[in-house]
Amino acid sequence: MFLRSISTNASSCLAIRRTLHSSTVWSAAEPKNVESSSPEKPQTQAQKTEQQQQKQQQPDLSAPKETTQEEKIEYIGNTRFPRPRIKPRKTITPGQAIGQSQPAEDIRRISIKEKAEQTWRNILSPEKNLENRAKIIGEIGESYFQNILDLRKNGAKLFTAPSHLIPANKAKFLPNIEGKTLSGKDVDVAALCRGKTTLLTIEFVKFAEKHTMSYINVFEKAFTEGNKAQVIQVNVEENYAKGLVLRLSLPYVRRGIPKHRHDGYVVHYGAVDSIKKMLGIANPLIGYAFLVDSKTRVRWYANGEAASEESETMVDLARQLLQKR
């Protein structure tokens, strides 16, 4: 009996201890609601005004955002592709000197092996990689569709050609372009222009051919006799895939060009971004014409399809260059 009473008392003590321990834990976990004994101080009028101003400055996230006309993005059809926007034209001032400051040097031809080695060195060069990255960033937003939108809005003419020659002491030199003629010769355009008054035309697409031909036809009729004036027509293809198609279709191009002009028809494959900047070529879908003197200085230029006044001006200025030789 004595032992049974001791065990009963021990078990009851353990139960009381467990109850006290659990109540202590729960009281520590629960937050205490202690009311402040000190009364709240009344806000002054200045504090109320400051709180109202802060509430007004905070944006209301629940309200729908109003989009202005400039922020509105137009998409193509039912897709999520943004529609290209028309950018303002970056044209040169008619009559300003264009080209490079020094005469162009002859381009050195290298073998396929040397080209491969140079390409591999450019891939491993950090400086070249940074240049390519800057070029890609600069090309963001520039597209074929934007050039089409530019033609639709502003027309196929950047400006009216100037009516006078650029003075010889202010004129700049023609940058060099390498290519292959329809007769199969590897040539430099600057070398072809040395020693003769030249009408140089540059086109990038088939659409621009009618622009350049409007100058070539007038020039050839005016200077049919003698070898003092010549026509150089440059066809530039910057896209490699289209360049392959152009190579395959060269026999058809030869049939459409008179045989006496095969030595003056130059085809260039590859990008010419620096040359476009130097010559003020803002839209490659337009044809461009340049009068180059015997020292390869650019003395006059035009773009788009030739107007009657521009054709007459071109012939008169070319005669002035022939007389000054």
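Phe159 and Tyr301 are both buried in this predicted model, and their rings pair up edge-to-face, with 6.1 Å centre to centre and 85° between the planes. The two come from distant parts of the chain, 142 residues apart: Phe159 sits in the loop between helix H5 and strand E1, while Tyr301 belongs to strand E7.

A search of the whole structure turns up two aromatic pairs. The other one is Phe219 with Phe223, a tilted arrangement at 4.7 Å centre to centre and 45° between the planes. Phe219 counts as buried because its relative accessibility is 2%, and Phe223 also counts as buried, at 14%.

Among the buried residues of H7 are Met213, Tyr215, Ile216 and Phe219. The helix's buried residues pack against strands E3, E4, E6 and E7, plus helix H11.

Now for the nonpolar cores. The largest has 30 residues, and Tyr301 is one of those that touch the most other members, along with Val189, Leu200, Ile202, Val234, Leu279 and Phe290. Helices H6 and H10 and strands E3, E4, E6 and E7 each give two or more residues to this core. Val189 touches, among others, Leu174, Ile177, Leu200 and Val234. A second, separate core of 20 residues includes Phe219, together with Leu165, Val231 and Trp300.

Finally, look for charges over rings. Arg247 lies over the face of Tyr269, 3.8 Å from the ring centre, and the charged end of Lys276 sits over the ring of Phe204, 5.6 Å from its centre.

Methods
Residues numbered from 1 in each chain as written. Predicted model: local features only at pLDDT ≥ 70, side-chain atom pairs only at ≥ 80, totals over all residues. Heavy atoms only, no water. Buried < 20%, exposed > 50% of the residue type's maximum accessible area, 1.4 Å probe, protein only. Helix = DSSP H or I, 4+ residues; strand = E, 2+ residues; numbered from the N terminus. Contact = heavy atoms within 4.5 Å. Core = buried A, V, L, I, M, F, W, Y, C linked by side-chain atoms within 4.5 Å. Phe/Tyr/Trp six-rings, centres within 6.5 Å; stacked < 30°, edge-to-face > 60°. Lys NZ or Arg CZ within 6 Å of the ring centre and 35° of its normal. Lists of a residue's contacts leave out its neighbours within four places in sequence.
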